Protein chains: 2
Amino acid sequence: MKVVVLVGGVGGAKLALGLAKVLPPENLTVIVNTGDDTWMYGLRICPDLDTIMYTLSDLVNKENGWGVAGDTFQTIAAMKRFGEDAWFGLGDQDMATHILRTRWLQVGTTLTDITGRLTKKLGIRQQILPMTNEPVATIVDTHEYGEIDFQTYFVRYRWQPTVKSLRLDGIEATSVSIEVETALKQADALIVGPSNPWLSIDPILSVPGMRDLIGSLNIPRVAISPIVGGEAVKGPAAKLMVELGHESSAVAVARYYGDLLNGFVYDESDSEMVVPQQYATKFETIMKNDEIKVALARNVLEWIQNWK
Amino acid sequence: MKVVVLVGGVGGAKLALGLAKVLPPENLTVIVNTGDDTWMYGLRICPDLDTIMYTLSDLVNKENGWGVAGDTFQTIAAMKRFGEDAWFGLGDQDMATHILRTRWLQVGTTLTDITGRLTKKLGIRQQILPMTNEPVATIVDTHEYGEIDFQTYFVRYRWQPTVKSLRLDGIEATSVSIEVETALKQADALIVGPSNPWLSIDPILSVPGMRDLIGSLNIPRVAISPIVGGEAVKGPAAKLMVELGHESSAVAVARYYGDLLNGFVYDESDSEMVVPQQYATKFETIMKNDEIKVALARNVLEWIQNWK
């Protein structure tokens, strides 16, 4: 069974790892949000792509869920010596990724090819694809600071500002890459990871043509809720839902995806719920360790295979 | 007495440090070779500027004479993981310099202003100036590899290839900056450091207008020999002299500078020599420690003051 999973950062990476441990590598494609991407000191940073890459190569700092385990911060420390604010924690090993990616972008390599080159060198056999090759920037309009870029909102202000709205700068000029289109058309199942629907999945779905392409796929199209018991497992999802006028619940996530998806998975600790999707079930979804990641991946795959 | 010193890397940096410990900071300007500058992974590397900066800020790795003391090499190690050859040893602290410089160049800041900004942040009160704002690249034509760039010759192949000739790519499009011109016109003395005349000083003198400007200065214009007892104190100077058809001697260095300079300093261990310059003397020039650097600086300054 060929599976495509749509993900943002840490939560999505955990599910991707579970799927990677269950599926033959050639049967898994991970399509990654790039709305978080940013420029820092002239370097192109792709936080979600890197989180997926470090997770699937087992380089990841398992405490954070992002960055490289045991990484040092000498370059950032030296930047502070030069008077830089340096609030974005780029590790020294991590820096190699940003420097090489930026260099290859400069000479015209696509982000898809760069991601393929980096991940293959780390021994990753699954296909990891950016949602698009063209740059997009999630812009967060906040009560406190007006419009700020995503990393300023997320890292610098630790997602504490109140969000009025979100927009995706540059999204109209992006397109679905051949690689993404091919992976989706060949997929036997589409899984939307337990990532933030607004900050991580919406950018992917907003690439012109993506929503129609996904809606046209006559396959299981299943989301896993990032909201458990009305709270986000990690990060600003619940807070953001309320700020954007939604109820903070798994049902509200299911409603948000609507009939773009035909299946929905919520956590076993939540009470039974009625969702707009044709199929729904519950599993243990809080992926505290690798066993739960694998079990969730296996459970979801078995469940959708039984639809037929 | 306002002093301008022309330097390349390590040897010149030692003299600059001696002068910095003797002169009021506002009376010393260091004009630095940028023919060694190169691009690595999309980053602009200025080895000689950095050696001077790290030396005068006391950050320098005193064993090497270049790089930052105690620096680590995590980024370079991570680049090797991505399959990069990474033969140029960029330290993690050092990397901050290259990243910031590259960023500021991208937004149109001159190399002179960037150098000023970096050095001031490190507490350096002397003026450090690149020889020109425009990029130049020393190209080394070798018997073994044909034309290679300077760092490939110097670092990758450890100056072992046989040199047929040198050329300065882009030199005709460079110009003497306002800052360099002002410093030279206000100088009471010009000192050419014990740097490699062909690889370090010649690029400076080859900036269009530089040779005429220096020749027109009616002040002491003194070189310190980088050749002692027919050998280079450090690096390829002696080997290169022979390959380029010169005798490997201090006299040959003095002859090379000719009447552009009016004074010449050679090492006390060398026998008396007749040089084309009007004045010549000998001092202890092998700057093994800070005391000798200071003594050499003081000796040279006292000597030229007695010319009048």
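Local features are taken from the predicted model at pLDDT of at least 70 and side-chain atom pairs at pLDDT 80 or more, while totals for chains, interfaces and linings use all residues. Residues are numbered from 1 along each chain as its sequence is written, with chains lettered from A and ligands numbered from 1 in the order in which they are written.

Two copies of a chain are related by a rotation about an axis and a shift along it.

The contact between the chains involves 23 residues from chain A and 23 residues from chain B. Residues count as in contact if their C-beta atoms, placed from the backbone, lie within 7 Å. On the side of chain A that touches chain B, the elements giving two or more residues are α3 (74-81), α4 (92-106) and α5 (111-121) of chain A. Helices (H or I, at least four residues) and strands (E, at least two) are DSSP runs, numbered from the N terminus. The most is given by α4(A), with nine residues. By class, this side of chain A holds 11 nonpolar, eight polar and four charged residues. Ala, Val, Leu, Ile, Met, Phe, Trp, Tyr, Cys and Pro count as nonpolar, Asp, Glu, Lys and Arg as charged, and the others, Gly among them, as polar. Of the interface residues of chain A, 100% are also interface residues in chain B, so the copies meet through the same surface.

Chain A is divided into domain 1 (3-136 + 171-305) and domain 2 (137-164). These bounds come from an automatic or database domain assignment. The C-alpha centres of the two domains of chain A lie 20 Å apart. Between them, 14 residues of domain 1 of chain A are in contact with 10 residues of domain 2 of chain A. On the domain 1 side, α8 (197-206) and α10 (237-243) of chain A are the elements that give two or more residues. That side has nine nonpolar, three polar and two charged residues.

Strands of a sheet pair through backbone hydrogen bonds, either parallel or antiparallel. Pairing here requires that DSSP finds at least two bridges between two strands. In chain A, seven strands form an open sheet with parallel pairing, in the order β5-β2-β1-β9-β10-β13-β14. Its edge strands, each pairing on one side only, are β5 (127-130) and β14 (279-283) of chain A. The twist averages 20° from one strand to the next. Within this sheet, β10 (221-224) and β13 (263-267) of chain A run parallel and are joined by three bridges. Ile224(A) stands opposite Val265(A) in β13(A).

A three-stranded open sheet of chain A has the order β7-β6-β8, with antiparallel pairing. At its edges are β7 (146-149) and β8 (163-169) of chain A, each pairing on one side only. Its twist averages 25° from one strand to the next. Strand β6 (137-142) of chain A pairs with β7(A) over four bridges, in the antiparallel sense. Val140(A) has Ile148(A) as its bridge partner, and Thr142(A) has Gly146(A). Three residues join β6(A) to β7(A) in a hairpin. Six bridges link β6(A) to β8(A), also antiparallel. Among the residues of this pair, Asp141(A) has Ser165(A) as its bridge partner.

In chain B, β6 (137-142) and β7 (146-149) run antiparallel and are joined by four bridges. Thr142(B) stands opposite Gly146(B). β6(B) and β7(B) form a hairpin with three residues between them.

Two packed helices are described by the angle between their axes and the distance between the axes. The axes of α1 (10-22) and α12 (290-305) of chain A come within 7 Å and cross at roughly 70°. Axes are lines fitted to C-alpha atoms, for helices over the stretch in contact, with angles from 0 to 180 degrees between N-to-C directions. α1(A) and α12(A) are therefore roughly perpendicular to each other. Angles under 35 degrees count as roughly parallel, over 145 as roughly antiparallel, 65 to 115 as roughly perpendicular and the rest as oblique. Residues of α1(A) in this contact include Leu15(A), Gly18(A) and Val22(A), and those of α12(A) include Val294(A), Ala297(A) and Leu301(A). The contact has eight nonpolar, one polar and four charged residues.

Definitions and conventions:
Contact = placed C-beta atoms within 7 Å.
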